[in-house]
Amino acid sequence: MDILIYYTSWLLLLCGAFFCAVGGLGILRLPDFYSRQHAAGITDTLGAALLLIGLILQAGLSLVGIKLVMILLFLLFTSPVATHTIAQAALQSGLKPKLAEKERDG
Amino acid sequence: MSNFVDIALLAFLALVALAVTRTLNLFATVALTGIYSLLMASIFTTLDAVDVAFTEAAVGAGISTVLFLATMALTTSHEKPHHHHNWAAIMATLITGSALVYGTLDMPHFGDPQAPIHQHVAPHYIEISPNEIGVPNMVTSVLATYRGYDTLGETAVIFTACMAVLLLLQRDRRGGNRNVMAVPDADQRRGGQSMQHAMILRVFSKFFIPLIFLFGLYVQFHGDYGPGGGFQAGVIFASGFILYTLVFGLEKARQVIPPRTLQALVAFGLLLYAGTGIATLVMGGQFLEYKALAHEATHGEHLGILFIELGVGITVAAVMTTIFFTFAGRGRS
Amino acid sequence: MSDFWGLYNYWIAIFLMMVGFYNVIARGNLIKKLIGLNIFQTSVFLLYISMGKVEGGSAPIVGAGISSFSNPLPHVLILTAIVVGVATTSVGLALVVRIKEAYGTIEEDELIAQESVTQ
């Protein structure tokens, strides 16, 4: 059972790191501000959440584990709100999203 | 090669500092400064300085960023591009840098337990602090007891900074409602059409601001047993008020906590700290000798640390909030 | 080569110090100068905290079974320094706001030009 928890937590930690790296790559390579927000959101929620769950598995049921659960909850609350606020501020300042070109018919 | 994480983080730090130099857009520079502070906080954590990391994250990435943004709202958001390199400055920097690197060649290696800094005073404190004061967090015991004068002076410095900012930036309010807020609240931008969009932020803040204050109280009183203490708690409290101001507007925030009350609290915290010292004098000890406050020595120490940390927390929270209100209230007239 | 890794922390601190120093003396914008000053301050913090670390030690909080601690004295010093740093930064920023209101600009060369005209 311990081995199972150990390896699962390692897998989750590696996945979390992978998603953080993917998010970073997305921020660099995506063409438009709003699509970059998607990439930033991946880092904040998915990457951080997987890392934290991996750590929770390693900490077990202790004070440290409970604190990690609380950190996870707060992170899941605040990251989407932050991303939303940034995108909304950009929209109100007049930054238009880059849309696909209209298809020509005929 | 002892700590790969340490090495990588320090390299990132150097890169971010270079990016700060090269960026001309001040908004981007301030965001980079926030990243720099958070990286610094992570490095402090890997260097076992948990209290310092806490303070750096709260102060550097929180309050500093907000103050820079408030200043930029009142001044400008772009730096003028410079067309030629300043060779004198580069030469001065290189010469100073080389001299300092030459100086470090004699320094003890990183992590060396035999370094001179770890002899004499520090082992003495580490040995006797758990018994004499009974507080597990040695940084708190040194800060509040062994180096209590320094902390009193530091609280006085924060108080003075608040006075300086008030003197420089406080608008005369006798002119009625002349001061347009430099911080428009989330409803009033674009004539109210943002009402439903601001709702997410409003609901979120109403849910989270009490939690922020609760966490601030936890940090304040738990500073004896874990990382924490007056400074961190004061900054966290101030962040709660600043969040409220940013979402609901300066007028509502001024109704929630009137500036006069804030200024009274700024003075009260410092008075509480100095007053504890006077109380120890009255009880028969020396200035800030907490042993004199109670019959048993460790009990007196705990009581003394509690009062002065409370004083520091109140002053820091009130000062940071006052400074932010003053910047936000400067506005356009 | 062990010399390099043993002194790597201090050299990064000196590099940051010089970046901050360059920002203060070579950039004309007052806000950039204050940011440079901030970077300078934090590099000094890094230097002190690096000096306080003990190999194999833990954070200076007494707990069960811990025998070696990192030095708490630099931590206390730097805690004070961080808060004093933000206090001075806020006073500096207040001065920048007043300068902008009085002169209309926060670029150093334009300020000097205005000063020399009025003399």
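Mentor: Before we start, one definition: a helix axis here is a line fitted to the C-alpha atoms of the stretch in contact, and the angle between two axes runs from 0 to 180 degrees between N-to-C directions. Also keep in mind that this is a predicted model.

Trainee: Okay, so how do I read a pair of packed helices?

Mentor: Two packed helices are described by the angle between their axes and the distance between those axes. Take H7 of chain B and H11 (residues 259–282) of chain B: they pack at an angle of about 165 degrees, with their axes 10 Å apart.

Trainee: What does that make the relative direction of H7(B) and H11(B)?

Mentor: Angles over 145 degrees count as roughly antiparallel, so H7(B) and H11(B) are roughly antiparallel to each other. Their crossing is left-handed.

Trainee: Which residues meet where H7(B) packs on H11(B)?

Mentor: H7(B) brings B:Leu152, B:Thr155, B:Ala156, B:Phe159 and B:Cys162, and across from them H11(B) has B:Val266, B:Gly269, B:Leu270, B:Tyr273 and B:Ala274. By class, that contact has eight nonpolar residues, two polar and no charged.

Trainee: Let me zoom out. What is chain B built from, helices or strands?

Mentor: Chain B has 12 helices and zero strands. Along its principal axes, the C-alpha trace of chain B spans about 65 × 55 × 35 Å.

Trainee: And how is chain B divided into domains?

Mentor: The domain assignment gives domain 1 (1–107) and domain 2 (137–333). The centres of these two domains of chain B, taken over C-alpha atoms, are 26 Å apart. To see how they meet, look at both sides: 14 residues of domain 1 are in contact with 17 residues of domain 2. The domain 1 side divides into 10 nonpolar, three polar and one charged.

Trainee: Now the chains. Which chains have the most contacts between them?

Mentor: Two pairs of chains touch, and chains B and C have the most contacts. Chain A and chain C do not touch; their nearest C-alpha atoms are 14 Å apart.

Trainee: How many residues does each side put into the contact between chains B and C?

Mentor: Chain B gives 79 residues and chain C gives 68. Several helices of chain B supply at least two residues each, among them H1 (4–22), H6 (138–146) and H12 (297–330). The largest share of that side, 13 residues, comes from H3(B). Sorted by class, the chain B side has 50 nonpolar, 20 polar and nine charged residues.

Trainee: Can we try the helix-pair reading across that interface?

Mentor: H6(B) and H3 (residues 72–103) of chain C pack at an angle of about 60 degrees, with their axes 9 Å apart. These two helices, H6(B) and H3(C), are therefore oblique to each other, and their crossing is right-handed. The tally for H6(B) with H3(C) is eight nonpolar, one polar and no charged.

Trainee: Last one: how do I read confidence, say in chain A?

Mentor: Begin with the chain as a whole, then go element by element. Chain A has a mean pLDDT of 87, and 94% of its residues reach 70 or more. Within chain A, confidence is lowest in helix H3 (residues 63–93), at a mean of 89, and highest in helix H1 (residues 2–29), at 92.

Key. Residues numbered from 1 in each chain as written. Chains lettered and ligands numbered in written order. Predicted model: local features only at pLDDT ≥ 70, side-chain atom pairs only at ≥ 80, totals over all residues. Contact = placed C-beta atoms within 7 Å. Helix = DSSP H or I, 4+ residues; strand = E, 2+ residues; numbered from the N terminus. Nonpolar A, V, L, I, M, F, W, Y, C, P; charged D, E, K, R; others polar. Parallel < 35°, antiparallel > 145°, perpendicular 65-115°, else oblique. Left-handed = near helix turned anticlockwise from the far one by under 90°. pLDDT = per-residue confidence, 0-100. Domains from an automatic or database assignment.
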